[in-house]
Amino acid sequence: MRELRSSVYELKSNIAGIRTDLIISINNVTAIETRMTELENAFKMNDFGTVSKLEQTVSDLKTTLNDREQESLLNDVEITGLPEQKGENLANLIPFIASRMDMPLDERDIVSVERVGATKISQEESTSTGTMRPRRVVFRFTRRTTRDALLQKARERRGLTSAELGLEGAPLRVFFNERLSRLNRLLSAKAREECRLHNWRYCWTKGGRIYLRKEHGLSAIRIHSNDELQAVFQTN
């Protein structure tokens, strides 16, 4: 009986020791799990920060490249609505158009001139005659002051048509604009659409920069990106 009691006591002691070891092990596992969670969270936060920095760097680089591209276009003008003729001589056409706007130009004032973009069917005419809409004409002046003077003449004669410029073919509205970089052109088109949807009266470009104004008398807002554009109309 004494031996049995001794064995039972020893067994209880062993069980107590096992329980103690088990509790210690559980506590250790819990501590490890807690630490792992902390490390995972720290890693995620660090990874997010790294990705965020990379995204910001890429965004900054895109902005810089876009600014450089726009700077290279500051002597350029873009015309839409000029009838396109086979075998046309654009180098002679631009001085001719300028003379009809009371602004004499010499061929030496122009560095280069060409049509750009794909030929498209005019929406107004696609259901009837299927007339192709002429491609844009872009040209570069030797001096920015000459470019600005031509754009000012065009603003004074807003609503000008190809017929008024003495050009053959069906009359088309002719528009003179600053030439924009690809990103700025897309942003400008988006800005005009947002202004139309929200009944803002003014959207224009100056020096390759895009501006908005809700109505006369209010301050102009310069737009640098799509995010800024969305923010403007979310708060107004």
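Guide: Welcome! One term to start with: buried means under 20% relative accessible area, exposed means over 50%, and partly exposed is in between, using a 1.4 Å probe and protein chains only.

Visitor: Thanks! Does Met-103 count as buried or exposed, then?

Guide: Met-103 counts as buried, because its relative accessibility is 10%. This is a predicted model, where local features need pLDDT of at least 70 and side-chain atom pairs count only at pLDDT 80 or more, while totals for chains, interfaces and linings use all residues. Residues are numbered from 1 along each chain as its sequence is written, and side-chain values use heavy atoms, leaving out hydrogens and water.

Visitor: Where does Met-103 lie?

Guide: Met-103 is in the loop between helix 2 and strand 2. Helices (H or I, at least four residues) and strands (E, at least two) are DSSP runs, numbered from the N terminus.

Visitor: And which residues does Met-103 touch?

Guide: Leaving aside residues up to four places away in sequence, Met-103 touches Ala-98, Thr-146, Ala-149, Leu-150 and Lys-153. A contact here means heavy atoms within 4.5 Å. Take Thr-146: Met-103 and Thr-146 are 43 residues apart in sequence, and their C-alpha atoms are 9.6 Å apart in space.

Visitor: Let's zoom out. How many helices and strands does the chain have?

Guide: The chain has five helices and nine strands. Of its 236 residues, 26% are buried. Among contacts between residues at least 6 apart in sequence, 60% join residues at least 24 apart.

Visitor: What order do the strands take in the open sheet of four?

Guide: The order is 2-5-1-6, with antiparallel pairing. Two strands pair if DSSP finds at least two bridges between them. At the edges are strand 2 (110-116) and strand 6 (175-178), each of which pairs on one side only. From one strand to the next, the twist averages 20°.

Visitor: How many bridges pair strand 2 with strand 5?

Guide: Strand 2 and strand 5 (residues 136-141) pair over six bridges, in the antiparallel sense. Glu-114, for instance, stands opposite Val-138 in strand 5.

Visitor: Which strands does helix 2 lie across?

Guide: Helix 2 (residues 90-100) lies across strand 1 (76-80), strand 2, strand 5 and strand 6, and runs at about 105° to strand 2. Axes are lines fitted to C-alpha atoms, for helices over the stretch in contact, and angles run from 0 to 180 degrees between N-to-C directions. Helix 3 (residues 144-156) also packs on the sheet, where it touches strand 1, strand 5 and strand 6.

Visitor: New topic: what is the order in the open sheet of three strands?

Guide: That one has the order 7-8-9, again with antiparallel pairing. Strand 7 and strand 9 stand at the edges with a single partner strand each, so one side of each has no neighbour in the sheet. Here the twist averages 30° from one strand to the next.

Visitor: You mentioned Cys-203. How many disulfides are there?

Guide: Zero, by the rule that a disulfide is a pair of cysteine sulfur atoms within 2.5 Å. The sulfur of Cys-203 is 4.6 Å from the closest cysteine sulfur, in Cys-195, and so is too far for a bond. Cys-203 is buried at 13% relative accessible area, and Cys-195 is buried at 3%.

Visitor: At what angle do helix 4 and helix 5 pack?

Guide: Helix 4 (residues 182-197) and helix 5 (residues 226-234) pack at about 10°, with their axes 10 Å apart. That makes helix 4 roughly parallel to helix 5; angles under 35 degrees count as roughly parallel, over 145 as roughly antiparallel, 65 to 115 as roughly perpendicular and the rest as oblique.

Visitor: Which residues meet there?

Guide: Leu-187, Lys-190, Ala-191, Glu-194 and Cys-195 in helix 4 meet Asn-226, Leu-229, Gln-230 and Phe-233 in helix 5. Helix 4 also lies across strand 7, strand 8 and strand 9, and helix 5 lies across strand 8 and strand 9.
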